[in-house]
Structure formats: structure tokens, C-alpha cells
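Please open the structure in a viewer and keep the selection tool at hand.

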Amino acid sequence: MMRSSKHRPKIKKYIDTDVYEESLNRVRHIFDVFDTVVVLFSGGKDSLAVMHLVKLVSKERGIDKVNVVFRDEELIPQVVIDFVDSYAAKDWVDMKYFAVPMYSQKYVLGSTETYVQWD
């Protein structure tokens, strides 16, 4: 009986490169495929790493600025906002900073109430 390809065991293949180089290759691919590249920056370490990878590839391609979007949900600690602001001030960052109302629900004594975080 023949197994379908989706049920075949996968075989690990090792490549002669490292995670850093492969990350740059993925970012290069994104630049090759899309007209505009934008980094969604949360102020965290993962999106910060991506922003710096995009900066390196942008520089390779003669692009001076990295397009960045940050969404302020009004629940973010001030230390994170200050960190994001420090990156917004860098000459290689073109940041769009959005602050939009965020709807939530709270449950108190058997009753659910919808509210906007800013209220």
C-alpha cells in the first residue's frame, strides 16, 4: 500500500548556512516579491530583530529608511513607549504611530460590560 505524500516521514536535511544568513535571505526574498516592505514593530525583541534585519537588506539595496508601523493600544507600559519613541527618532526609521480605540469586555458580578480602553 502506498502512503500519500502528506503522510510520508520527513527527512531532516542540514544546510551549510546559519540562521542569521537564512534570515537575511528571507528578508531579501520579501524585498524581491513585494513593492513595499513594512515592519510591524511592537517594541519587543522579535520585531526589533526583524527591523534590524530589514535595515541591513535595505542598506544593501540603497534604501535609506525602513518603513515601520507601531500600534499603541493604550495598555502598553511607558518604558516600552519610550523605547519605541527612541527608534522613531532614528534617521533610518520612517515610523507611522497609530493609536486607535481598543474595545474590551469586563465581567463584574454576573454582568458583562463592553468598554473602550481609553474611557
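How many bridges join strand 2 to strand 3? Before counting, please note that the model is predicted. Select strand 2, residues 66-72, together with strand 3, residues 93-99: 7 bridges join the two strands, which run parallel. Within this pairing, highlight Phe70, which stands opposite Tyr97 in strand 3. Next, follow the chain from strand 2 through helix 3, residues 78-88, to strand 3; this β-α-β crossover is right-handed.

Two facing pairs may be picked out here: Val38 stands opposite Asn67 in strand 2, and Val39 stands opposite Val68 in strand 2. Strand 1, helix 2 and strand 2 make a right-handed β-α-β unit.

With the three strands shown together, what is their order in the sheet? The sheet is open, its strands are paired in parallel, and the order is 1-2-3. Strand 1 and strand 3 each have a single partner strand and stand at the edges, so one side of each is left without a neighbour in the sheet. On average, and with direction ignored, neighbouring strands of this sheet are turned by 25° against each other. Return to helix 3 at this point: helix 3 packs on the sheet, where it touches strand 2 and strand 3, and its direction makes about 145° with that of strand 3.

Which residues form its covered face, and which the uncovered one? Val66, Val68, Phe70 and Asp72 make up the covered face, whereas Asn67, Val69 and Arg71 make up the uncovered face.

For the last stop, select helix 1, residues 19-33, and helix 2. The two helices pack at an angle of about 60°, with their axes 9 Å apart. That angle makes helix 1 oblique to helix 2, and the crossing of the two helices is right-handed. To view the contact itself, show Tyr20, Ser23, Leu24, Val27, Arg28 and Phe31 on the helix 1 side. On the helix 2 side, show Leu53, Val54, Leu56, Val57, Ser58 and Glu60, which complete the contact.

Methods
Residues numbered from 1 in each chain as written. Predicted model: local features only at pLDDT ≥ 70, side-chain atom pairs only at ≥ 80, totals over all residues. Heavy atoms only, no water. Buried < 20%, exposed > 50% of the residue type's maximum accessible area, 1.4 Å probe, protein only. Helix = DSSP H or I, 4+ residues; strand = E, 2+ residues; numbered from the N terminus. Pairing = 2+ DSSP bridges. Right-handed = clockwise from strand over helix to strand, strands pointing away. Axes fitted to C-alpha atoms, helices over the stretch in contact; angles between N-to-C directions. Contact = heavy atoms within 4.5 Å. Parallel < 35°, antiparallel > 145°, perpendicular 65-115°, else oblique. Left-handed = near helix turned anticlockwise from the far one by under 90°.
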